[in-house]
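Keep the viewer open as you read.

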Amino acid sequence: MSNEKIPYKIYLEESEMPKAWYNLRADMKQKPAPLLNPATNKPMTAEELSVVFCDELVKQELDNDTKYFDIPQEILDFYKMYRPSPLVRAYCLEKKLGTPAKIYYKFEGNNTSGSHKLNSAIAQAYYAKNQGLKGVTTETGAGQWGTALSMACAYLGLDCKVYMVKCSYEQKPFRREVMKVYGASVTPSPSTETKVGREILKEHPGTTGSLGCAISEAVEKATETPGYRYVLGSVLNQVMLHQSVIGLESKIALDKYGVKPDIIIGCAGGGSNLGGLIAPFMGEKLRGEADYDIVAVEPASCPSFTRGTYAYDFCDTGMVCPLAKMYTLGSGFIPAANHAGGLRYHGMSPVLSKLYDDGYMRAVSVPQTEVFAAAEQFARVEGILPAPESSHAIKVAIDEALKCKETGEEKTILFGLTGTGYFDMVAYEKFHDGQMSDYIPTDEEIAQNIKKLPKVDE
């Protein structure tokens, strides 16, 4: 079909929406390495994981073979409040850039939480409710996951305890207040509320925190509070599974108009958005049915893929969680305080790490002032103020489109616009006032944390 007939926004009919999540691991000939018990260095069992996670989520976490998981009707009904999300042809951006490239973006910010995180939040809350639990605990970096989970818990009548990275807690007062609107308790992390929080504060006085710190606190609180379990907004296999609705919808929409992307771009922090966006496309690539240039974009201040080490590491700073084989900067790595937004996890999804290590995708890191410049360029022509996280993908999408302008190639680019930036105005203000810097960790800083990686015989 001619591209001239493609509408500005493509919405699916209700009957076209995915009814099952796609498990990318089922098409991976080389599976991601299993989570290990740090006490024994043996693969975590379902029984061990069920102390921390909901039973049904443990099954999803460990299942490498089931290709599709039916989405429960109650979750499908919730999805209808904000899904399908639009697939947008960025005609205005294309014109502004003067590029022959065709640019599409999947916009996941069209809900009150303002991001893609709600796709997994409602699923995890649903399984917690079905198990008869009283509540859940979690961490949040930029605040999108905490907001989404508090919404889902309010909808289902669950208690929600959020540990928010201290830097973001202070930079984003309105984001934390939205969580409170939905009934969640929000604690800046690291805190004196938990044993591990007190230990981190003792070792790093005045620290602005990291996702690894917040995870440690949330896990401790969950395991010591009867009727609670811990839920996570990224990294884990189960989260990647739920987020596959992003890619499934994108592919259905593109297929309707006979469009095949050449380049697929997503921001990468823990991996949930990127993994969800690329899932069905990567599946085709793994099966040898099609080929795509898949690009992970991460901040230069937290470069897990591009400067990390592929090894087993703790999932959290307090070293209370299982070991995951992933690209990591070391569980003790804490991004600089001037790092704006999320994408501040020390590691990367084991699934994406395996795919990257096997050469199925590439990664680039970008400095944050360039990211915010791209965000403003996008906002001025497409009318959406993007989240800092999403703007990493925007930056590279623009770069790729400009390459097409130089070469005359008419490539088709798809990127993930994970959410809106209306709670990120402190960061935008710093950018406008020239107070934002491009801090990049030194090799020595990274090496110090890599030295502390646990010793695991593989």
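Start with Lys260, whose charged end sits over the ring of Tyr292, 4.4 Å from the ring centre. Bear in mind that we're looking at a predicted model. There's another contact of this kind at Tyr169: the charged end of Arg176 sits over that ring, with 4.3 Å to its centre.

While we're on rings, how many aromatic pairs does the structure hold? The count comes to 16. Tyr310 belongs to strand E14 (residues 309-314) and Tyr327 to strand E15 (residues 323-328), so to speak two distant parts of the chain, 17 residues apart, linked by the pair. Are these two tyrosines buried or exposed? Tyr310 is buried, at 19% relative accessible area, and the cut-off for buried is under 20%. Tyr327 is buried as well, with a value of 10%. Elsewhere, Phe78, Tyr79, Tyr82 and Tyr155 come together as one aromatic cluster.

Now for the backbone. Most peptide bonds are trans, and most residues other than glycine have a negative phi. Here are some spots that go the other way. Arg83 and Pro84 are joined by a cis peptide bond, with omega at about 5 degrees. If you want to find Pro84, look in the loop between helix H3 (73-79) and strand E6 (87-89). The bond from Ser189 to Pro190 is cis too, its omega near 5 degrees. Pro190 sits in the loop that runs between strand E10 (185-189) and helix H9 (195-203).

As for phi, Asn41 is not a glycine, yet its phi is positive, about 60 degrees. You'll find Asn41 in the loop between strand E3 (36-37) and strand E4 (42-43). With 30% relative accessibility, Asn41 counts as partly exposed. Val235 also has a positive phi, near 70 degrees, and is a residue other than glycine. Its place is the loop between strand E11 (228-230) and helix H11 (237-256). Val235 is buried, at a relative accessible area of 5%.

On to the empty space. Rolling a probe the size of a water molecule over the atoms shows where such space is left. The largest pocket holds about 480 Å³. Which residues lie nearest its centre? Out of 22 lining residues, they are His204, Gly332, Phe333, Asn449 and Lys452. Helix H9 gives the largest share of this lining, 4 residues. H9 and helix H18 (443-450) each supply at least two lining residues. By class, the lining of the largest pocket splits into 9 nonpolar, 9 polar and 4 charged residues.

The second largest pocket has about 200 Å³ of space. It is lined by 15 residues, with Ala33, Pro34, Leu35, Glu61 and Asn237 closest to its centre.

One last stop, back on helix H18, where Ala447 lies. Ala447 is partly exposed, at 34% relative accessible area. From Ala447 to Ile122 there are 325 residues in sequence, and 38 Å in space from C-alpha to C-alpha.

Note on methods:
Residues numbered from 1 in each chain as written. Predicted model: local features only at pLDDT ≥ 70, side-chain atom pairs only at ≥ 80, totals over all residues. Heavy atoms only, no water. Buried < 20%, exposed > 50% of the residue type's maximum accessible area, 1.4 Å probe, protein only. 1 Å grid on protein atoms, 1.4 Å probe; cavity = no way out; pocket = protein on both sides within 12 Å on 5 of 7 lines; lining within 4 Å. Points joined across faces, edges and corners; volume = space filled by probe spheres on them. Nonpolar A, V, L, I, M, F, W, Y, C, P; charged D, E, K, R; others polar. Phe/Tyr/Trp six-rings, centres within 6.5 Å; stacked < 30°, edge-to-face > 60°. Lys NZ or Arg CZ within 6 Å of the ring centre and 35° of its normal.
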